[in-house]
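Colleague: I have not worked with this structure before, and I would like to learn how to read its side-chain features one at a time. Could you give me the general idea first and then the case at hand?

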Amino acid sequence: MNLKRTIAALAAVCTATAASWACTSLIATKGATTDGSTMITYAADSHVLYGELYNQPAADHAPGSTRKVIDWDSGRYLGDIPEVPHTYATIGNMNEHGLTISESTWGGRSELHDPQGIVDYGSLIYITLQRARTAREAIEIMTSLVRDHGYASEGESFSIADADEAWIMEMIGKGPGNKGAVWVARRVPDGYICGHANHSRIHQFPLNDPETLYSPDVIDFARSKGYFNGKDEDFSFSRAYAVTDYGALRGCDARVWSYFNKMTKGNVDQYLDWVMKGQGEPLPLWVKPAQPVSVDDMKWMMRDHFEDTPMDMTKDVGAGPYAVPYRWRPMTYTVDSAEYTHERAIATQQTGFSFVSQMHPQRHNAMKGILWFGVDDANTCVYVPIFNCVKEAPYQLAHGNGDMLTLSWDAMFWVNNYVANQAYNRYSQMIPDIRKVQGNLENAISLEVADAEKAISGMKNSEAEKYLQEISARWSETVTKEYKKLGDRLFVKFMDGNIKPEDENGNFARTPEGMPASPKFGGYNQEYFDNIVSRTGDHFKVLEVK
């Protein structure tokens, strides 16, 4: 398996789809969660994607209206399609009905890209959110859009969920002169969890099952292209249309394995050979968790760095003296003509935004869906509640408040980067301070959301919407201000490699005379010193002078 070829292919996808080429989406059905919510997650990972919250108001459209389709990643105009009479309001990747859609790109066979396609994967998501109320409706609309107007992107996996059902759908185009796409969608069984992370996850699937949908030609088209020549029941969508090499396993399926591993309490060890060596049985499409999964579990899963697994990024030599679970790109490197790779965890430095979508059928319509939304690195962000009724993105998350090349201290994306990028240098020393502030904020938010659910139970929709909009706006402002303070404090406390001590009230300590107390010297860990001596011998040895 050629890892360099995979990385090159992903780089090509990154050029065309900068927002999605290294994304992660996790799924938990309502029967697998602590409160009966359906949940899906998303990390929109890109080195050029600015973290902000998109929103589109509901609207009515005159007969004969059309809408322009603009490629989500490049901003390139792709064409026009007919508009529908009414479109629903959307906030982020959720609409007013609580329907949520996320994705991850896996590229697949390059010859299947259709340069004449009009609907790219991003537009497919956001157009569908404006038109569908349920997950099943969304699948029908998504597949109809690409059938009628052509598919403009590479191979994609989609998580599609409402308060009752969660589906995984995989799709790829049919190449130049062949408008449309081949696809498979499977409903995740109630009580199970699923996920995808830049590699096609659907292998064999039942051909006569109402919980499995697929394009009529998905198998015949593969045969016509020479991708498959067996019996229908043996057909694997992933084997036919995706590229399964080391990058797809160690860099992609490994992230899903980590989710399964944590939620099953280590009961997926038999698939380690698949993700680390490309041997044995493929990772299953879904598994049953050992115990119900909470929304906090899903948030912390998005912060995963393979902790306590053979791929733990805080413990390999690349973590350095401060147990840093981050590796700068490029992903691969060469030593003595042999190729090696960094690990690629769910949490990564280049995330634009991430979310945990929590959808519950019994909640008030105004909060049937909660988009727990964060910007920049999921590991250090604070997830703020954005309710399905929210009509306008809070200012700190809104489009136009800063961008990737324009710093704004009022933008949550920039203050989170201010905090996170300091931690990347001395992670083990700074992360306890970050966790304290992050934890206090998220605990306070969770308590208020629980109270809000009770408070709005007897309210009219308009009253509840105003109440919840205020909560989203206030916490977005609070988190942004508190993280700016946190970033300032980290800068002062850890300046020049030192660690300023604190008194019992959490203030920086002073001498009785009012001078700054002598700092602690954080230094390095023992492994760092051992490595110096192993590389340099006695070069730095302290010698006795006679």
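Colleague: Is F228 buried or exposed?

Modeller: F228 is buried, with a relative accessible area of 15%, where buried means under 20% relative accessible area, exposed means over 50%, and partly exposed covers what lies in between, using a 1.4 Å probe and protein chains only. F235 is buried as well, its relative accessible area being 1%. Please keep in mind that this is a predicted model, in which local features need pLDDT of at least 70 and side-chain atom pairs count only at pLDDT 80 or more, while totals for chains, interfaces and linings use all residues. Residues are numbered from 1 along each chain as its sequence is written, and side-chain values use heavy atoms, with hydrogens and water left out.

Colleague: How many aromatic pairs are there, and how do I read one?

Modeller: A pair of aromatic rings is described by the distance of the centres and the angle of the planes. Here, rings of Phe, Tyr and Trp (its six-membered ring) pair if their centres lie within 6.5 Å, and planes under 30 degrees apart count as stacked, over 60 as edge-to-face and the rest as tilted. The count comes to 27 aromatic pairs. One of them joins F228 and F235, which are edge-to-face at 5.1 Å centre to centre, with 80 degrees between the planes. Y524 and F529 have ring centres 6.1 Å apart and planes at 85 degrees, so this pair is edge-to-face. Y524 is partly exposed, with a relative accessible area of 43%, and F529 also counts as partly exposed, at 37%.

Colleague: Which residues do ring pairs link into a cluster?

Modeller: The cluster consists of Y42, Y54, W72, Y121, Y126, F353, F355 and F373, linked by ring pairs.

Colleague: How many salt bridges does the structure hold, and what should I look for in each?

Modeller: Side chains of opposite charge can pair when their charged atoms come close. A salt bridge is counted when a side-chain nitrogen of Lys or Arg is within 4 Å of a carboxyl oxygen of Asp or Glu, and the structure holds 29 salt bridges. In one of these, R131 and E83 meet at 3.2 Å, N to O. R131 lies in the loop between α2 (121-129) and α3 (135-149), and E83 in the loop between β6 (77-82) and β7 (86-87), so the pair ties together parts that are 48 residues apart in sequence. Both R131 and E83 are buried.

Colleague: Which residue forms a salt bridge with R136?

Modeller: The partner of R136 is E211, and their closest N and O atoms are 3.0 Å apart. R136 counts as partly exposed at 33% relative accessibility, as does E211 at 25%. R136 and E211 also belong to a network of salt bridges in which E165 and R187 are linked with them.

Colleague: Which ring face does R489 lie over?

Modeller: A charge sits over a ring if NZ of Lys or CZ of Arg is within 6 Å of the ring centre and within 35 degrees of the ring normal. R489 lies over the face of F508, at 4.2 Å from the ring centre. R489 also forms a salt bridge with E502, with the closest N and O atoms 2.7 Å apart.

Methods:
Helices (H or I, at least four residues) and strands (E, at least two) are DSSP runs, numbered from the N terminus.
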